[in-house]
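Subject: Structure for you to look over

Hello,

Here is the structure I promised. Please open it alongside these notes.

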Amino acid sequence: MTTGRLPQSALPWARPLIGRSAQIRAFESALADGRVRGAVIHGASGSGTSRLADHLVRLAEERRHPTLRLTLSPTVPRFGRDALPPARGEAVPRLRTVVLVDELQYVDTADAALLSSRLARGDLFLLATVREDEVRPSFVVDLARRDDIAHVHLAPLDTDGTAVLLRGLLGSDVDSGTLRMLDRLALGNVRTLTELVEGLHQAGHLHHDGHLWRATGPVVLTPRLAVLIEDRLDQAGPRARGILETLALAGTVGVADLTESGDTSALPALEERGLVETRLSGRRATVRLAHPLFSEVLLRRIPALRRRDLLRRQAARIQRHGGRRTDDLLTSVRLRAAAGHAEPALLVEAAHAARRRNDHTAVLSLLDALPARHGTPATELLRAEALYHRGDWQAADARLRALARSGDRGAVVSAVVVAMANLFWSGAPTSEILRLARQTRPLIASEEERRSLDETAAGVLLLSGHPGLALARLESLAGLPGSSHSRLVANSMRILGMIADGRAEDALEGTQTMRQELVRGTARGTASPIFHPSVFGVLDVAALTELGRLEEAEAGAREQAATGASNPLRDTWLAFRRGRCAWVSGRAADARLHYADAIALSEKAGYTRVLRVAYSGLAASLAVLGEHTAAARAAAASATHPRMGLLAGEDLLGAAWLHAVEGRLADARAVLETACRDARAAGQKTSHMLLLTDLVRLGAHHHAAPLRELAQQCQGPLAQARAAYARAAADRDPHALVEAARALAGLGAHAVAADASSHAAQLFHQAHQPHRARRADLLTVQEQQHLQGARPLPRPALLAHGEHLTPREHEVAQRAAGRLTSKEIAAELVVSVRTVDNTLQRIYRKLGVTNRRELAHVLQVPRP
């Protein structure tokens, strides 16, 4: 797909019916069972109950059932006796009339009695929708108690469901930031999500970068969504207006603080209507609006003078009731700042409190309200740190440099650290960055600050691909005086070095040390301006991946992604590590999504160092998915960016796999050989392990010995399982290959497991053991189901003789082994059937086979 905005002609979208297969099956089963008299679909407003019901009616019509559609509403609560079809002679006819009653909760007493009698007769099948957020009459309650009525509940979409629906709406995936934003705002509601996407499109805030859709501006409510929300809020009545307005302005508020805003006796009714949420923390009850979009609509309707008055009065109430909690302080000062009446000392105090909570957006907002004459070097350092965390390194750099030039020696180290980070991530040579550190060091008198600078320089060395040298330098600094900041930086670098060095178990222990250090540093106000606490989660994902705890790594990454954006660098690396975890697992489509997300985040923030290896991962994922043209573009893009050093050699994965899937196996192995030399030279054992495994997968079995040797130096079962696979492949031992496949499958490394079982099946076939070959084939099919559409690798016999096959012969061989006819192959490749047959004869001669079945065994393509 080309880059750019969604074309106007794409609207309105035909909203796909996502994730409803279980409900559809339940309806079909109920309709076919004469004992079941109906089905009721329950769901909140906008959850898709009516749309699902309409789809089910169409299914009934396809099965030749008579159908009738009726819709109720508060103003039209009845349909009358004449609306229903006449009663039929048969008690339960073979093809019952399916009567859809939409919004059954509005049914009046007379129609409820009519429906009850017809249900008792059994000559119609009731299909009804009921809103869960509306009061239900006794008839609907009675239906819920009946054994002969099926019930379907439409739960809100989870994050995965939101992503699937967005893919259906837009035709491809959205980036993680857009997914997170829409998931938070829609709260799993299908209609709200669709309207939000519509609003982004209408505002021109939805763009495609060639891989993913991304929101490039704020959400804009569509008129329809705004009216729906306004109508819902208006149902609360005038006596609750003050409460809702206060919550819109202040966010979460204690119940005691709401007494002057309105009649708090209305809170139970507001909560029952789904307008507010009440939470208990100890003895304190707090209230907030139930949906983030409620606030946006309410704020539009509050006049400026009333808004200022509400803000001032609410801040005063919080202060009168004590204001001892950090939340109280932040809320009170934020409200005063918004009303234009915040004292400078309180603004600074609140900014420090927000910093301790890692709320850097609040830090900047509070400092922006601070009059310039009250600014100090300390507040400027606080502002620069918040800018750094928000990813605006250039602005942070400019402020710190200005402080350093003004003679504030406390800003020198911070300024240089930020400058070094800017230089590294923007692709500057490592020598230039280290020269800056050397030039600055003589200007620093404090031993603690020197240690901080030296540790930052060691971190640059590590990220540049010198983990051994970096770890040695960090160890030499361990005994010197240092701040909490220094220890946190040192531990972070050590953990990265441990992961690269194959010591992932030690790395996981290290992240626990870091968390404890950060808790202590945050309490003292000395936490690092370099690493956000959520970075620990990213390090955990990296370590768990190398250990082979792949499901745990993915679960951790999902949890981290759901916490919300914290720092562009953290988000970039989380997306990258999630892509790498998916690649190791063999989930090619997920790998493509997350690598593309990392690229989008990196390009937006200007972190060019990440791009080379991220584009390479994207190219590899696209290649195995059969998207050769896109893979070639990604591989070419990878080569245009500077090397990072960390993950050395993996920047060539894309080019290698592109060669492999196009049949240029010698070229693929040559690229991987070069990549292995790069990884070995940089001391990147985990990258070296991955690359050696891929070489074995592509038939270079002589690399089994160095892989086994490397596995002895790496922690975790994944390294051992890879080594076992390599040894079994080199020894041509089918039994050991099956054992290795099962071990790899147990770890979630499905791509390598599929290769191992496929190789075993071929060897069993050659040994005339068809039963064992069939079982190995079944294991291969089972593992390939996890690969999300990735194309099978060229099989072992082809790997042995593949250099003698041309790229076109590879294409024909794979398709013929997959049971395509010559005519089908000719249509796909746009050649004649005679050309396909002649090509097949050449392939048979080269591979020593005589028919397609033997070819399938040689290429290890399981046949149904």
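Buried here means under 20% relative accessible area, with exposed over 50% and partly exposed in between (1.4 Å probe, protein chains only). Helices (H or I, at least four residues) and strands (E, at least two) are DSSP runs, numbered from the N terminus. This is a predicted model: local features need pLDDT of at least 70, side-chain atom pairs count only at pLDDT 80 or more, and totals for chains, interfaces and linings use all residues. Residues are numbered from 1 along each chain as its sequence is written, and side-chain values use heavy atoms, without hydrogens and water.

Helix α30 spans residues 653–661, and its buried residues are L653, G654, A656, W657, L658 and A660. Their cover includes α26, α28, α29, α31 and α32. After α30 comes G663, with a positive phi near 90°.

Next, a hairpin. Strands β10 (276–281) and β11 (284–289) run antiparallel, joined by six bridges. Strands count as paired if DSSP finds at least two bridges between them. T278 has V287 in β11 as its bridge partner. Two residues lie between the strands, and G282 takes a positive phi near 70°.

Last, the second largest pocket. Its volume is about 950 Å³. Of its 32 lining residues, A44, S45, D133, R232 and R273 are closest to the centre. The elements giving two or more residues to the lining are α7, α8, α10 and α11. α8 gives the most, with five.

Best wishes

Notes. On a 1 Å grid over the protein atoms alone, a cavity is a set of points where a 1.4 Å probe fits but cannot get out, and a pocket is an open set with protein on both sides within 12 Å along at least five of seven lines; lining residues have an atom within 4 Å of a point. Grid points are joined across faces, edges and corners, and a volume is the space filled by probe spheres set on the points. Contact means heavy atoms within 4.5 Å.
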